[in-house]
Amino acid sequence: MENYDKNCIFCKIANHEIKSNVIYEDDDVMAFLDISQVTYGHTLVICKKHYDNFLTCPKEIMNKMFNLAQRIGQVAIHDLHALGVNILTNCYEAAGQTVNHFHIHVIPRYKNKEGFEITMKENDQNLNLPAIAETLTNSLK
Ligand code: 5GP
Ligand code: ZN
């Protein structure tokens, strides 16, 4: 596989060597649920080929990734009933990047009793990830 980094966890996810809750994929891009759900439906959009981050990725692939991130954001509003969405991408360790394979976070935002803050209560690791993935997959069709 072209641009495959054998030490990269997202290359392994893109190649289906490591399981993830995939909500969309084609030849170039893939979206799957973040293993650590900051909020309900927190999704990562990746390129299938390995590029380190947004700053080093070819524009054509970057455009496909942001198109998909936009669709997932729309679905989060319409189908997960989020009130807002953060679209963000970290470039290099100094900016908080921990996985050096370009990914865009799509983070749906909801109101709770503390307001719009992301709280530990929202970060509930008992979430049913396959069920969330199924909802998003169907919404993206
Ligand atoms: P970064 O800090 O690099 O912007 O974000 C990396 C994200 O990847 C984190 O939110 C982390 O939870 C997520 N992540 C790391 N390893 C895995 C994994 O094996 N599976 C999934 N689904 N997400 C992962
Ligand atoms: Zn990679």
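Me: What do the buried residues of α2 pack against?
Reply: They pack against β1 (22-25), β2 (29-33), β3 (43-47), β4 (84-88), β5 (103-109) and α3 (129-140). Helices (H or I, at least four residues) and strands (E, at least two) are DSSP runs, numbered from the N terminus. Buried means under 20% relative accessible area, exposed over 50%, and partly exposed in between, with a 1.4 Å probe and protein chains only.

Me: What kind of model is this, and how are things numbered?
Reply: It is a predicted model, where local features need pLDDT of at least 70 and side-chain atom pairs count only at pLDDT 80 or more, while totals for chains, interfaces and linings use all residues. Residues are numbered from 1 along each chain as its sequence is written, chains are lettered from A and ligands numbered from 1 in the order in which they are written, and side-chain values use heavy atoms, leaving out hydrogens and water.

Me: Back to α2. Which of its residues are buried?
Reply: I61, M62, M65, L68, A69, I72, G73, V75 and A76. Viewed down the helix axis they fall within an arc of 160 degrees, so they line one face of α2. The arc is taken from the directions from the helix axis to the C-beta atoms.

Me: And which exposed residues are on the face turned away?
Reply: K59, E60 and H78.

Me: How far apart are the end C-alpha atoms of α2?
Reply: They are 28 Å apart, which agrees with the 28 Å that 20 residues (59-78) should span at 1.5 Å a residue. The expected span is 1.5 Å times one less than the number of residues.

Me: Which residues touch the most other members in the largest nonpolar core?
Reply: I23, V45, M65, I72, F102 and L136, out of 27 residues. A nonpolar core is a set of buried Ala, Val, Leu, Ile, Met, Phe, Trp, Tyr and Cys residues joined through side-chain atoms within 4.5 Å. β2, β3, α2, β5 and α3 each supply at least two residues of this core, and α2 gives the most, with eight. Apart from it lies another core, of 10 residues, among them F10, C11, M30 and F32.

Me: Where is F102, and what does it touch?
Reply: F102 is in the loop between β4 and β5. At 0% relative accessibility it counts as buried. Not counting residues up to four places away in sequence, its contacts (heavy atoms within 4.5 Å) include V45, Y51, F54, M62, M65 and F66.

Me: Are C8 and C11 buried or exposed?
Reply: Both C8 and C11 are buried.

Me: Last one: where is H81, and what is its phi?
Reply: H81 lies in the loop between α2 and β4. Its phi is positive, about 60 degrees, although H81 is not a glycine. H81 is exposed, with a relative accessible area of 59%.
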